[in-house]
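Colleague: Let's go through this model together. Please show me the sequence and the fold first.

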Amino acid sequence: MVIRELYDWRQACFVRLRLRCRLLEPARIDPAVLMRLRRRLRQAGQQRFGAPAATAERFAALFEAPAALNPAEQRRAYRAGAPFVLQPRATPPLSGAAGAIFDSEVLLWGQAALRLADWLALWQQLGQQGLSLAGGRFEPVCLDAADASGHFVPLWQLGASSAVLPPAPQCDLAWWLALQSLDAPLLLRLETPARLLSRGRPLFRADFSQFFPFVLRRVSALLAAHCGLPFTGDAARLCQLAGQVTQTGCLRWHDWRLLAPAAADPQPLGGLLGQLKLDGPQLREVIEVVAVGSLLNLGKNAACGAGAYRLLPVTASN
């Protein structure tokens, strides 16, 4: 396979964390709330780690791409952004009173996987500030990590020291890909809006040939910046193969709006949604990078859950 020849997936590792939290005041929790968390997370990080220089490095380790050695890698690292990816599917909609419990799942990539105590401290700070301008204060009550079997093992609970946490089980992409069902035909389903820009303008309609280059850039940038795996392949050739994939369906622009007072957070959410049925022999050449992209989300605010998609086997029901 073309993609497998480019990457040794065993060298790309992540940890999957589940943070269970208790609301301290009434709030609505849904993917739209997570997708707006980027600014508030950075504010919480600056409050907790912003100064002096030693703690500023802790902020950078959670929010920035490391410095690259050459201009080409620097551009790719810049596009990579943060080494964390919130998983919106782990947070079903919840309109909860004080005391309600909600879960947040995140993937930490590369060296960020060693920053468990800092990630917990970040969410403790966010809980003090609230999920939005309208409120939503909370407190973390336990932190778990998924092992190789997919079962969550406890790392921390409320009342225990959060300064030093035990290491979390790490998963590599070779192991993860071996568990996926990637035989054609497959259904690619966008579950949260993906805001994709082409020549400075958002795409309002896209097929797989237009969607795939964004996936390739997202995957190659993050793996290069945070996992030390530079992309050395022929991007044009891979995009050509993606253009030969048999497909039906289309991704189209939809507007999302958060169910909250307009004065509290008036910015609407929008992006591509929908599904594509994919088939054909060329799909085998690019499917692994598309599968990895499903762990990373896509487009603006991807780290906070925007542009989340899944690959599903085609059945009579879908």
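Colleague: Which residues lie nearest the centre of the second largest pocket?
Modeller: This is a predicted model, where local features need pLDDT of at least 70 and side-chain atom pairs pLDDT 80 or more, while totals for chains, interfaces and linings use all residues. Residues are numbered from 1 along each chain as its sequence is written, and side-chain values use heavy atoms, without hydrogens and water. A pocket is an open set of points on a 1 Å grid over the protein atoms alone, where a 1.4 Å probe fits, with protein on both sides within 12 Å along at least five of seven lines; lining residues have an atom within 4 Å of a point. The lining here counts 17 residues, and those nearest the centre are R89, W176, Q180, S294 and R310.

Colleague: Which strand gives the most to that lining?
Modeller: Strands are DSSP runs of E with at least two residues, and helices runs of H or I with at least four, numbered from the N terminus. The top contributor supplies 5 residues, from the segment 309-313. That is strand β15.

Colleague: How many of the lining residues are nonpolar, and how much space does the pocket hold?
Modeller: Ala, Val, Leu, Ile, Met, Phe, Trp, Tyr, Cys and Pro count as nonpolar, Asp, Glu, Lys and Arg as charged, and the others, Gly among them, as polar. The lining has 4 polar and 4 charged residues, against a nonpolar count of 9. For the volume, grid points are joined across faces, edges and corners, and probe spheres set on them fill the space. The second largest pocket comes to about 390 Å³.

Colleague: What share of the protein's residues is buried?
Modeller: Buried means under 20% relative accessible area, exposed over 50%, and partly exposed in between (1.4 Å probe, protein chains only). The protein has 10 helices and 15 strands. Of its 318 residues, the buried share is 49%.

Colleague: How much of the accessible surface belongs to carbon and sulfur atoms?
Modeller: The area comes from the Shrake-Rupley method with a 1.4 Å probe. The total is about 14,700 Å². The carbon and sulfur part is 52%.

Colleague: What share of contacts joins residues 24 or more positions apart?
Modeller: Contact means heavy atoms within 4.5 Å. Take the contacts with a separation of 6 or more.

Colleague: In the salt bridge of D30 and R28, what is the relative accessibility of D30?
Modeller: The two side chains meet at 3.0 Å, N to O. R28 is partly exposed, at 29%. D30 counts as buried, at 8%.

Colleague: Which residues does L41 contact beyond four places in sequence?
Modeller: L41 lies in helix α3 and is buried, with a relative accessible area of 0%. Its C-alpha is 9.2 Å from that of F63, 22 residues away in sequence. Its contacts are F63, F84, L86, L122, W123, L126 and C304.

Colleague: Where does the chain have a cis peptide bond?
Modeller: Most residues other than glycine have a negative phi, and most peptide bonds are trans. The cis bond has omega near 0°. Its proline falls in the loop between α7 (173-178) and β9 (186-194) and is P185. The bond runs from A184 to P185.

Colleague: R199 and N297 both have positive phi; is N297 buried or exposed?
Modeller: R199, with phi near 55°, lies in the loop between β10 (197-198) and β11 (201-202) and is exposed at 86%. N297 has phi of about 65°. It is in the loop between α10 (283-293) and β15. At 1% relative accessibility, N297 is buried.

Technical notes
A salt bridge is a side-chain nitrogen of Lys or Arg within 4 Å of a carboxyl oxygen of Asp or Glu.
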